[in-house]
Amino acid sequence: MVSVPRLVVAAPASGSGKTTVATGLMAAFAGRGLAVSPHKVGPDYIDPGYHALATGRPGRNLDAYMCGPDLVAPLFAHGASGCDLAVVEGVMGLYDGASGQGELASTAQVSKLLRAPVVLVVDASSQSRSVAALVHGFASWDPEVRIGGVILNKVASDRHEALLREALDESGLPVLGVLRRAPQVATPSRHLGLVPVAERQTDALDAVRAMGDRVREGCDLDALMALARSAPELPGEAWEPERHPRPETRPVVAVAGGAAFTFAYAEHAELLTAAGAEVVVFDPLHDEKLPAGTAGLVIGGGFPEVYAPELSANEPLRGAVTALAVSGAPVAAECAGLLYLARELDGRPMCGVLDASARMSERLTLGYRQAVAVSDSVLAGAGTRLRGHEFHRTVLEPGAGPTPAWGLHQPERRVEGFVQGGVHASYLHTHWAAAPGVARRFVERCRG
């Protein structure tokens, strides 16, 4: 049984202030000396970076589409182990989930799977009494979703606050916080959302502190903690990566990091370590060599298009990556990693492992995908089925090699990615906790 106090921070729609409130709550409670476990609903890689700054713990994702509903509570328990409080930031609107899939992957579904009370963040600008109808609708839509209170955001004045409170008195839901209209905390965005923490460490720390201050001043932290403690025990056991006997030698798996490659799930490194690898992080923007003894390479997502000149200029590392790939060593590349292995990106030379060219595009490719492995690779055997997510504003030509990585079945049928020697490269982001055999297979291939 898991008995960690917990809250889910949700909203009627995107843009209501979920990230400010959730991150601010994490920072405010951590400032009280509590161990706070940060979580994010859905496949988002960027918000968890801000959560990690606020709490000093890895930000973790809870994705009922990619991992399946049965893994949500175990993954939550794994991340929240030993903590005094867990705060889960929702995605989109409370009841919004995977397109055409009902409640699947919605914040509402995750709140039910966690048996966690929901704090509804409402953008109260341009309304007064209508806020009660809005809140009543959200609270009554699904009786299994327990909305425990409301935080009003973008409140204009004392008079505005009084009108809102008077209206909500009739709803029976307590107002747990009021945040006044204020200049937005400095969290700059670009083509794929917020700028990641790794690219603006000092400014990001200042932004997280500002969020914490706003929430501390405007919210009833004691009432919020009491609500979190009202969550019942969660049945079941915490997820743990399956441990395997440690051989005398552990293959070194180099994992790309730094500002250009910030998209990674914490569980991936844990799975690789449990499978017997020594995981070593390196920065392709600055390191001119792969880590000593590298037997395999993982290059996840991020923003190589922003750093194309710097990545291209690091010729020694590009050469080392190419040599490793040509040797047949296992290389797993997702999205940004795919672009880095291409011949060029926006006219800048990349590693040239793949005979493909990438460029920025105006079109955003975004959404969940059902995938089946087209052929055997270092990650999966032919026919292996996984669910994943695409999230990019780049185009790769061609989009698939002679041996594609995946056949995609949603929203349209197509093949995608490259399997070439020991290389598996694709736009598709996957969560290896849903298929732990992926990490084990990769490490076994690294052993040769």
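In which loop is the place of S375? S375 sits in the loop between β16 (357-373) and β17 (385-397), where helices (H or I, at least four residues) and strands (E, at least two) are DSSP runs numbered from the N terminus. The model is a predicted one, in which local features need pLDDT of at least 70 and side-chain atom pairs count only at pLDDT 80 or more, whereas totals for chains, interfaces and linings use all residues. Residues are numbered from 1 along each chain as its sequence is written, and side-chain values use heavy atoms, with hydrogens and water left out.

S375 counts as buried because its relative accessibility is 16%; buried means under 20% relative accessible area, exposed over 50%, and partly exposed in between, with a 1.4 Å probe and protein chains only. Leaving aside residues up to four places away in sequence, S375 touches A380, G381, A382, T403, P404 and V419, contact meaning heavy atoms within 4.5 Å.

**Backbone geometry**

Most residues other than glycine have a negative phi, and most peptide bonds are trans.

The peptide bond from E397 to P398 is cis, with omega near -5°, and P398 lies in the loop between β17 and β18 (406-408).

**Helix α4 and its surroundings**

Helix α4 (residues 107-114) is mostly covered, with 6 of its 8 residues buried, namely T107, A108, Q109, V110, S111 and L114. These buried residues pack against β1 (6-10), β2 (36-41), β3 (60-62), α3 (69-80), β4 (85-89) and β5 (118-123). After α4 comes R115, whose phi is positive, near 50°.

The axes of α3 and α4 come within 9 Å and cross at roughly 60°, the axes being lines fitted to C-alpha atoms, for helices over the stretch in contact, with angles that run from 0 to 180 degrees between N-to-C directions. Their crossing is right-handed, a term for a near helix turned clockwise from the far one by less than a right angle. On the α3 side the contact is made by P69, V72, A73 and F76, and on the α4 side by Q109, V110, L113 and L114.

By class, this contact has 7 nonpolar, 1 polar and no charged residues; Ala, Val, Leu, Ile, Met, Phe, Trp, Tyr, Cys and Pro count as nonpolar, Asp, Glu, Lys and Arg as charged, and the others, Gly among them, as polar.

**Pocket and cavity**

On a 1 Å grid over the protein atoms alone, a cavity is a set of points where a 1.4 Å probe fits but cannot get out, and a pocket is an open set with protein on both sides within 12 Å along at least five of seven lines; lining residues have an atom within 4 Å of a point. Grid points are joined across faces, edges and corners, and a volume is the space filled by probe spheres set on the points.

The second largest pocket has a volume of about 860 Å³, and of the 41 residues that line this pocket, F261, T262, F263, A264 and Y265 are the closest to its centre. The lining of the second largest pocket has 28 nonpolar, 12 polar and 1 charged residues.

The structure also holds 3 cavities of 30 Å³ or more, and the second largest cavity contains about 50 Å³ of space. Its lining is made by P241, E242, H244, L271, A274, A275, P436, A439 and R440.
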